[in-house]
Amino acid sequence: MRSLAEARWPSRTHRRIRHSLRARLVLLFLLLALGITGAFVFGMQSALGSGWREAVRPLLADYVDRLAAEVGDPPSVERAQALVQRLPVTVSIAGPRVNWSSRPDLHEAHWGARESLLSRTTADGHRVTFGLSVLPWQDRPRRIGWYTLATVLLFTLLAYHAVSRMLRPLRDISAGARRFGSGEFGQPIPLRRRDELGVLAADVNAMAASIHQMLEAKRALLLAISHELRSPLTRARLNTELLPEGGDPGARRQALMRDLEEMATLVSDLLESERLGQGHAALHRETTDLCALLQSADADVECDPDLPLLLLDPSRIKLLLRNLLDNARRHGGGTPQVRATREGSDVLLTVRDFGPGVPESALEQLAEPFFRPDAARARETGGVGLGLYLCKLVAQAHGGSFTLRNAKPGLEVRVTLPLAG
């Protein structure tokens with residue numbers, strides 16, 4: 001089973017996911033708005049453009065005839081200039097005697113591309129072509145387009161804000177689930193609404209309160225049993241020490257002492273794992289020379305001489321080192337190998353044995369409480385499966401990590417401890 005301290009959700013990963021979802025939501029709204037705008041514009045153009053030419057053609061032909069009559073036959077440049085100044089039109093005259101254009105900056109191909117509807121030929125062979133002068137209006141459609149786009153974006157942002165506000169309870173529920181998963185039950189999920197999301201938040205709060213109550217009851221029961229066991233264990237140990245040391249009673253006395261010692265260690269480990277696993281005990285940090293602690297161990301120790309002093313809880317680091325070495329001696333065979341080196345902003349502590357190792361499928365569970373890959377072998381060699389679990393809790397309480405790998409031969413435990421406490 002896992003402690004609540006190990007069930008913490010990776011906050012950085014969830015922030016990245018949340019930002020990614022928010023960016024996708026904004027992009028979705030933009031695409032939706034642009035799609036709706038494009039479909040509307042295209043539809044209106046199709047609706048308004050279907051058949052307008054045929055409807056306007058007779059009126060336009062009559063109007064062009066009037067303009068051509070006003071220019072005259074033969075065409076007069078003066079009349080054409082007066083017409084251009086009075087109306088938003090362009091005029092081009094091409095013929096044997098008169099060649100003039102109100103827009104000389106336009107290429108000849110521009111005038112040639114005009115429809116015959118806008119051109120008239122005079123009796124003396126001049127071709128008069130009319131066009132619409134959009135120069136005074138050419139900036140207006142551009143401004144209208146930008147205003148339309150700004151309006152679409154504004155409504156998109158307003159829609160996003162509204163949807164984001166609607167989804168705010170989901171963010172509250174997500175944050176609350178992360179708090180509950182890390183063992184922080186003091187702050188419930190705020191109830192902002194009375195709809196289905198509000199009911200869901202209330203249900204999650206009720207579930208968290210029930211889980212918290214069960215965890216506290218389990219902790220209280222475990223602590224009470226552990227404390228109550230200490231007194232009879234102490235009395236049993238004292239009575240056992242009164243037995244004769246020689247002969248058959250002496251052998252039974254030694255066997256009882258070993259069993260009582262194992263039971264006392266189990267009770268202490270249970271209490272310590274409960275304190276560390278539930279976050280009820282603060283570390284008693286002090287400036288510690290890790291190399292000096294390692295040198296006192298009965299092992300092959302190699303420590304970086306430039307290793308700085310660390311802010312550690314010495315008693316719990318000793319507990320970690322003792323359990324790691326006991327596990328290495330119990331299953332490894334030979335002298336364990338201990339190394340402490342600096343890796344970036346951390347100190348890497350490795351403890352390796354040279355035994356057969358463990359199956360790869362059991363590595364992830366090896367540091368779980370009461371897990372033993374080979375129950376029969378564990379009973380023969382001692383241990384109940386709390387040693388590595390305690391080591392992991394000590395490393396995590398110091399802000400470090402705890403990993404295991406098969407070193408082939410043997411098992412290697414890697415513990416990282418941050419330089420900055």
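Me: In which loop is K408 found?
Reply: Happy to start there. This is a predicted model, where local features need pLDDT of at least 70, side-chain atom pairs count only at pLDDT 80 or more, and totals for chains, interfaces and linings use all residues. Residues are numbered from 1 along each chain as its sequence is written, and side-chain values use heavy atoms, with hydrogens and water left out. Strands (DSSP E runs of at least two residues) and helices (H or I, at least four) are numbered from the N terminus, and K408 is found in the loop between β10 and β11.

Me: Is K408 buried or exposed?
Reply: Buried means under 20% relative accessible area, exposed over 50%, and partly exposed in between, with a 1.4 Å probe and protein chains only. K408 has a relative accessible area of 68%, so K408 is exposed.

Me: What is the phi of K408?
Reply: Most residues other than glycine have a negative phi. K408 takes a positive value, near 55°.

Me: Which peptide bond from K408 is cis?
Reply: Most peptide bonds are trans. Here omega is near 10°, and the cis bond runs from K408 to P409.

Me: Where does P74 lie?
Reply: The peptide bond from D73 to P74 is cis, with omega near 10°. P74 itself lies in the loop between α2 (52-71) and α3 (77-86).

Me: What is the bridge partner of S92 in β4?
Reply: Two strands pair if DSSP finds at least two bridges between them. β1 (residues 89-94) and β4 (residues 127-132) are antiparallel, with six bridges. In β4, S92 is partnered by T129.
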